[in-house]
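Consider the sequence and the model below. The text after them moves from the pocket to the helix beside it, and then to the fold as a whole.

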Amino acid sequence: MTPARAATALLLGFGLAGCVTGTDPVALPEGQIDAPGVDLEGEAVDGVAVGHRLLAAGEYELAIKSFNRAAVARGAIDAEILAGLGSANLGLGRLGQAETLLRRAVARDDAEPEDWNNLGVVLMEAGKLAEAELVFKRAFALDNGESVAIRDNLRLALAKSENSATNRVQTDDYKLVRRGSSDFLIRQTP
């Protein structure tokens, strides 16, 4: 180590040592070794609210855990929890689970238009365009056309369903096979 580097390291060490004083606002009180404990009388944050925040942050596995804890704390599973679980599974790409949970959510009386919208997204991802279009129309009607996201999803579903009807390509090949003297059979080529 060169003398210049040694001097710089020594000055840096003294400078940092001078930063730690007894007047540090972050320092722990006298005699306290660990961080303070949990206030058991404090009010906990609702697990559903935490789950929605985790969904917004893209933390889908943690959101599922939070919604499950909320269901246990509430003692029941309502449409909001089912929709949250379905949305988290959609974010993870688990379309089958998401569809099942969102169908259960929209079957309840307290379902929101966003739940219908999320079900439509799952159906579109699964290739069920006709049903997705109907679900988006339902979400749009329940929302009175106020949500831009639902309106955009409905437009996309309508555009995809129009394009799929006109651009359908037949990929199956068939051939005519003669059986006997005058009997023919249409078979799919392997």
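On a 1 Å grid over the protein atoms alone, a pocket is an open set of points where a 1.4 Å probe fits, with protein on both sides within 12 Å along at least five of seven lines, and lining residues have an atom within 4 Å of a point. Grid points are joined across faces, edges and corners, and a volume is the space filled by probe spheres set on the points. The largest pocket here has a volume of about 170 Å³. Its lining comprises 13 residues, and His-52, Glu-80, Ala-83, Gly-84 and Asp-115 lie nearest its centre. Two or more lining residues come from each of H2, H4 and H6, where helices (H or I, at least four residues) and strands (E, at least two) are DSSP runs numbered from the N terminus. H4 gives the most to this lining, with five residues.

The model is predicted: local features need pLDDT of at least 70, side-chain atom pairs count only at pLDDT 80 or more, and totals for chains, interfaces and linings use all residues. Residues are numbered from 1 along each chain as its sequence is written, and side-chain values use heavy atoms, with hydrogens and water left out.

Helix H4 covers residues 79–91 and reaches 18 Å from its first C-alpha to its last, close to the 18 Å expected at 1.5 Å a residue; the expected span is 1.5 Å times one less than the number of residues. Is H4 enclosed or open? Ten of its 13 residues are buried, so H4 is largely enclosed by the rest of the structure; buried means under 20% relative accessible area, with a 1.4 Å probe and protein chains only. Among them are Ala-83 and Gly-84. The buried residues of H4 pack against helices H2 (47–56), H3 (60–74), H5 (95–106) and H6 (113–125). After H4 comes Gly-93, with a positive phi near 85°.

A nonpolar core is a set of buried Ala, Val, Leu, Ile, Met, Phe, Trp, Tyr and Cys residues joined through side-chain atoms within 4.5 Å. The largest one has 32 residues, and Phe-67 and Ile-81 have the most contacts inside it. At least two residues of this core come from each of H2, H3, H4, H5, H6, H7 (129–142) and H8 (148–166). Beyond its neighbours within four places in sequence, Ile-81 is in contact (heavy atoms within 4.5 Å) with residues including Val-48, Phe-67 and Arg-74.

Overall, the protein has eight helices and two strands, in the order α-α-α-α-α-α-α-α-β-β. Of its 190 residues, 27% are buried.

Key
Buried < 20%, exposed > 50% of the residue type's maximum accessible area, 1.4 Å probe, protein only.
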